[in-house]
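This report describes the fold and the chain contact of a two-chain model. The sequence and coordinates are shown first.

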Amino acid sequence: MNGILLVVAYLGGFNPARARLSVPETDGLRARPGVLAAGSLLAFGAVAALAGWSGPILEALETSPETFRLAAGIMAGLTVALFIVWPRPATEPELAGWKAALWPVAFPRLVTPVIATLALSTGASDGVPGSLIGAAVGLVTVNLVGLVPRRELPDRVLLWAGRMTAVALMITAVFLIVDGIRDV
Amino acid sequence: MNRRLAVHLSVWIAAAAVMRIVVVPAETCPPVTAGQVRNTIDEALGWIIDNLGDDGRYLYGYDLAADRVSPSYNSARHAGVTMSLYQAYEALGDPAILRAGDRGLSYMLDRITTHDNWAAWSEPGADLPVGANGLLLAGLALRRRATGEPRHDELMGGVARFLVQQQEPSGAIRSYWDRAAEAPVPNVYGPFATGEAAWALVLTGVQLPGEGWLEAGLRTVDYIAAERDRAEGYLARLPDHWAAYALGDVPFEMLDSDRVFLARRLAGYFGMRLRFEAQRTGEGINLWVRWYPGPPAGVGTAGEGIAALHNLAVADAGLGDLRANIEERMVCLAGYMTERQVSAAEAAVLPRPELARGAWFYRGYTQMDGQQHVLSALLGALRVLEGEAA
């Protein structure tokens, strides 16, 4: 996967517009920046761990990186369907204070099955640095979208932006599946 | 909160389970040594040679459940097994293998037809098939490469002329020559005959240079690369292991980008096929999502195809970056096919041990091309394992 596709994959996986619809907010209807940033760091750490240990993990699973690319592609495809059919994530109860960075920001909003499979796949096939750059771009975008107050950015725009991001993820899904089939 | 956590964890667990069971079951590659693979090869050779008839005809097939020998026979498979014996002789150097190959060859020599300036064989009365003659010629070229003997050069030229007169200007190969009409059967092409003819002509071109056979073979290789699948109406690109053989024997300096592209595409197909095969256990829920371990001929063709392309990876002729993966797939195949072969101990308790020992069965039935293709694939894996050990 080239660098652009890596970025598209993580942007699509994190889906900043959709994630924006379900993160803790201030009274001014902005995402709580500290909590969102801390949650993003936790998610980044999860991607780093999974990508970094992707080799031993896939070895333990007795799965080649080429075959696991199929799994990542199929998971991405299923996630696209979820994003399109269910564009607004469920509202989650929030842990108090900074713990909200853990729940619901890092989990379940940012660290999702598609992000986990992507991290394992790209870590094994494309290297850890590329995976981290892709994840960083996605998470920075999550935080930037979080700065915009919801009242100026109607839900409808976020919903459609989320769907459009899902289409971008679909491109990655197709690429991963085709690559997983054609690779040696 | 706890309820939401349970919901999300359930989704994760369900997703992981579905992925594991349906998409990425474990790829099982039993560890195997060069010595074990050599033994597996010897056992397979034993099945072929010990069951070879006095007339040079091989045992075609054996149904274990019915304890019945198949009365069928097939000229392309006969030529294919003979070719495989010459491959084995070239790799192992055992004169008994060469003698067995020559007995298989004599069966074909007894059935040669000559016409105009060419020669070809078939079962009596049948139209002359390109596939069986392509494999006869490939076998003769391999025999010449292994022994250096020119004794069949004239026949090689005759069969090569038969293949070339079946060739259209595009490089397409008409599959049969009609005895009654004394002409190639028009508009009939085969999924395998084209690649078999291409490989045979390339091999012959290398053995008998300056006679135009290499150029003729490359014409068909290029046809396979550029237009065969569309022109002959295939929905998907054919995973043609014979084309892989042809590419593996083309002099490296003649591998242009289109030929390398075909080689990479074929390597990808064979790699995927072998990864998929390694996921098959034939037991429990795996049986429902992956079905039984594949027919030996199918697994073997993927293995020999990728083994043929291994030449290009080793020589860094466009496939150098794929070498590690290609070797991993070849050795993995050697591991699971060694496990799946009927051992002497397993055969001893069967009704007719000599028909089962050294064979690979698919759902209770074994056939000569199963042994042939797996044998050819294992010869490639043995080369890799011996290289690792050295």
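## Helix H9 of chain A and its cover

The buried residues of H9(A) are covered by elements that include helix H1 (3–14), helix H2 (16–20), helix H5 (65–85) and helix H7 (113–125) of chain A. Helices (H or I, at least four residues) and strands (E, at least two) are DSSP runs, numbered from the N terminus. Buried means that 20 or more other C-beta atoms lie within 10 Å of a residue's own, exposed that 12 or fewer do, and partly exposed in between, with C-beta atoms placed from the backbone. Two residues are in contact if their C-beta atoms, placed from the backbone, lie within 7 Å.

In H9(A), the buried residues are A:Leu158, A:Gly162, A:Thr165, A:Ala166, A:Leu169, A:Thr172, A:Ala173, A:Leu176 and A:Gly180. Helix H9 (residues 155–182) of chain A has 28 residues, which should span 40 Å at 1.5 Å a residue, and its end C-alpha atoms are 40 Å apart, in agreement. The expected span is 1.5 Å times one less than the number of residues.

## Basis of the model

The model is predicted: local features need pLDDT of at least 70 and side-chain atom pairs count only at pLDDT 80 or more, while totals for chains, interfaces and linings use all residues. Residues are numbered from 1 along each chain as its sequence is written, and chains are lettered from A and ligands numbered from 1 in the order in which they are written.

## Contact between the chains

Chain A contributes 19 residues to the contact and chain B 20 residues. On the side of chain A that touches chain B, H5 and H9 of chain A each supply at least two residues, and H5(A) gives the largest share, seven residues. By class, this side of chain A has eleven nonpolar, three polar and five charged residues. Here Ala, Val, Leu, Ile, Met, Phe, Trp, Tyr, Cys and Pro count as nonpolar, Asp, Glu, Lys and Arg as charged, and the others, Gly among them, as polar.

Chain B holds 17 helices and eight strands. Of its 390 residues, 51% count as buried.
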